Amino acid sequence: ANLVGMFSFEIFQLFPEKTLFRKFSSNFQNFTIMSFFLASFGGAFLNFYYIIPMYDKVLHMVGCMVAVFMGYELVCAMQLRDKCTCSPKIAALTAVGIAFLFSTGWEIFEFVFDQWFGGDAQHWDLQKAIEEAGGMENVFMLIPLEPERLEARFAIMDTMADTILNAVGAVLMYIILKIHPYRHKGDNNI
């Protein structure tokens, strides 16, 4: 799935010319490759989630910024395909909604993976998280907890920190797109 995601732009080029997927800009490819590489290869395979302090948290914020960008590209591709446009503000706001669907979907995936497939994406098993991290000092907590409450609340703290940082990233990219709606001005105006 990661390999397919990294090369989705090239795969989209196999679709007929009139399809939505062929309307994505080449920037879409750069951001999807970067996202999959940082999350899957860097985070999971190289264990950056635990080796680099706050890697997961920064990746959630930046990842949601990329999700807004991808949502904006999707809205613009739909406008090109359908030969009708909407204002850049509506496109940017729609992109934020798409990003929230992506980020909420990811948190649902973590829950389902943990609940029904024996995973530990939300760190319900604090000891396992500490072992994977190589010690408690490498486990990042956005809001410090008293040691006696740590085990009971660590999973919800992880999920809520991810959700808060997803929202921060989405709002930041929304502001950037409001200031510079690059697909709605200049040579790239759809």
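**Salt bridges and helix packing in a predicted model**

Both D56 and K57 are buried. I begin with this pair, in what is a predicted model. D56 forms a salt bridge with K57, with 3.4 Å between the closest N and O atoms. K57 also forms a salt bridge with D162, and there the closest N and O atoms are 2.7 Å apart. This second pair links distant parts of the chain, since K57 belongs to helix α5 and D162 to helix α8 (residues 147-179), 105 residues apart.

How buried are the two partners, K57 and D162? K57 has a relative accessible area of 6%, and D162 has a relative accessibility of 0%, so D162 counts as buried.

The structure holds 3 salt bridges. One of them joins R81 and D82, whose closest N and O atoms are 2.8 Å apart. Here R81 is partly exposed at 32% relative accessible area, and D82 is partly exposed at 41%.

I turn now to helix packing. The axes of α3 and helix α5 (residues 55-82) come within 10 Å and cross at roughly 155°. Because of that angle, α3 is roughly antiparallel to α5. The crossing of these two helices, α3 and α5, is left-handed.

Finally, the surface. V4, F7, I11, L14, F15 and F21 make a nonpolar surface patch of about 540 Å². Of these, F15 sits in the loop between α2 (8-12) and α3 (26-45), and F15 is partly exposed, with a relative accessible area of 31%. F100, in helix α6 (residues 88-117), is likewise partly exposed, with a relative accessible area of 31%. F100 and T163 are 63 residues apart in sequence and 9.3 Å apart in space, C-alpha to C-alpha.

Note on methods
Residues numbered from 1 in each chain as written. Predicted model: local features only at pLDDT ≥ 70, side-chain atom pairs only at ≥ 80, totals over all residues. Heavy atoms only, no water. Patch = residues over 30% accessible without salt bridge, like charges linked within 9 Å, V, L, I, M, F, W, Y side chains within 5 Å. Areas by Shrake-Rupley, 256 points an atom, 1.4 Å probe, with all protein chains shown as cover. Salt bridge = Lys/Arg side-chain N within 4 Å of Asp/Glu carboxyl O. Helix = DSSP H or I, 4+ residues; strand = E, 2+ residues; numbered from the N terminus. Buried < 20%, exposed > 50% of the residue type's maximum accessible area, 1.4 Å probe, protein only. Axes fitted to C-alpha atoms, helices over the stretch in contact; angles between N-to-C directions. Parallel < 35°, antiparallel > 145°, perpendicular 65-115°, else oblique. Left-handed = near helix turned anticlockwise from the far one by under 90°.
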